[in-house]
Amino acid sequence: MDLHRKLCDLLGEEQVLIDEPMSRHTTFRIGGPADYFVRPSGSEEIKETIAICRDASVPYYILGNGSNLLVGDKGYRGVIIQIYRNMDAVRTEGNRIYAQAGALLSKIAAEALKNGLTGFEFASGIPGTLGGAVMMNAGAYGGEMKHILESAEIITPEGQCMELKAGELKLGYRTSIVAANHYIVLGAVIRLASGDREDIQAYMEDLKRRRVAKQPLEYPSAGSTFKRPEGYFAGKLIEEAGLRGFQIGDAQVSEKHCGFVINKGNATAADIISLMGKVADRVEATAGVRLEPEVKRIGEF
């Protein structure tokens, strides 16, 4: 039985797409077709999908909202497994929020607000899912996932389900044991503190105003393009290198915030990669610091 048939038998034909443009599934709005794009609805379907891929020696990649991802113009040879809207349940018990990996951080923030729980406000404007946030220890405005995570449920590449406590996740700057060991996040428990709803909402609105004022939200991007070098800010180094507004094709260093590379309309992955390389070279030449990409790359370029 061929790969397509096996995936359809497991997930249903409507959940298995062939030659799906990845530009539809990344916040950069860039990327060629994936051979297969599948949408499982639970841990068992994820485990079985991985097993099918392993048996067929076909690569796979776990995708959430595609908010920190650049897919090559020639697409992805393998299976994209999207954990998103089919797995986005969120519920609250006391001061804990239980959320599946596909839940958007904005949805979890709204749940926290509704229940008068504080500590998650920092993540309310991050355009990603919980799974990705756990994997890379997402953070903003002084907050990080490691500050509020109690535990996460994961699947190993071999198909074993485990619950890892926060200390076992080895959460660091944009990294974790999840990323290092190629685990897949199924869900997590977030522990927050009781707070005043009006104060929580006011703080979230203040953060939103700051994002709108400082970040180029009107253009497709993958958020912060480079990691923060120790002792520096990537955006400031790029600006000091004279690269504000620097452009290759439709890829541009944002004039609003130099830490963001944006797609002005029809940028290709090749444009983005070329621009990032030239920015890193120029910053190294002017400041002696080599910027490292925060954006993950997959597929054929």
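Helices α3 and α6 are roughly antiparallel to each other, since their axes cross at roughly 150° and an angle over 145 degrees counts as roughly antiparallel. The model is predicted.

**Helix α3 against helix α6**

- Helix α3 spans residues 105–114 and helix α6 spans residues 197–214, and their axes come within 9 Å.
- On the α3 side, the contact is made by Ala 109, Leu 113 and Lys 114.
- On the α6 side, Arg 197, Ile 200, Gln 201 and Met 204 make the contact.
- By class, the residues of this contact divide into 4 nonpolar, 1 polar and 2 charged.

**Helix α1 against helix α2**

- Helix α1 (residues 3–11) packs with helix α2 (residues 43–55) at an angle of about 170°, and the two axes are 10 Å apart.
- That angle makes α1 roughly antiparallel to α2.
- Helix α1 contributes Leu 3, Lys 6, Leu 7, Leu 10 and Leu 11 to the contact, while helix α2 contributes Glu 45, Glu 48, Thr 49 and Ile 52.
- The contact of α1 with α2 comprises 5 nonpolar, 1 polar and 3 charged residues.

**Ser 124, in a loop**

- Ser 124 sits in the loop between β8 (117–118) and α4 (130–135).
- Its relative accessible area is 11%, so Ser 124 is buried.
- A polar atom of the Ser 124 side chain lies 2.8 Å from the backbone oxygen of Glu 121.
- Not counting residues up to four places away in sequence, Ser 124 touches Ser 106, Ala 109, Met 204 and Arg 211.
- Two of these residues, Ala 109 of α3 and Met 204 of α6, also take part in the contact between those helices.

- Arg 210 lies in helix α6 and is partly exposed, with a relative accessible area of 32%.
- Leaving out residues up to four places away in sequence, Arg 210 touches Tyr 141 and Tyr 203.
- Gln 215 is found in the loop between α6 and β15 (221–224).
- At 19% relative accessibility, Gln 215 counts as buried, because the class is set at under 20%.
- Apart from neighbours within four places in sequence, Gln 215 is in contact with Tyr 141, Lys 256, His 257 and Phe 260.

**Leu 149, in strand β11**

- Leu 149 belongs to strand β11 (residues 149–155).
- With a relative accessible area of 6%, Leu 149 is buried.
- Beyond four places in sequence, Leu 149 touches Val 134, Ala 166, Leu 169, Leu 171, Ala 188, Val 189 and Ile 190.
- Gly 167 is 18 residues away from Leu 149 in sequence, and their C-alpha atoms are 9.4 Å apart in space.

**Cysteines**

- The whole structure contains 0 disulfides.
- For Cys 53, the closest cysteine sulfur is that of Cys 8, at 13 Å, which is too far for a bond, as a disulfide needs sulfur atoms within 2.5 Å.
- Cys 53 is buried, at 0% relative accessibility.
- Cys 258 is buried as well, with a relative accessible area of 4%.

Key: Residues numbered from 1 in each chain as written. Predicted model: local features only at pLDDT ≥ 70, side-chain atom pairs only at ≥ 80, totals over all residues. Heavy atoms only, no water. Axes fitted to C-alpha atoms, helices over the stretch in contact; angles between N-to-C directions. Helix = DSSP H or I, 4+ residues; strand = E, 2+ residues; numbered from the N terminus. Parallel < 35°, antiparallel > 145°, perpendicular 65-115°, else oblique. Contact = heavy atoms within 4.5 Å. Nonpolar A, V, L, I, M, F, W, Y, C, P; charged D, E, K, R; others polar. Buried < 20%, exposed > 50% of the residue type's maximum accessible area, 1.4 Å probe, protein only. Polar contact = N/O pair within 3.5 Å; in protein donor to acceptor, adjacent residues only side chain to side chain.
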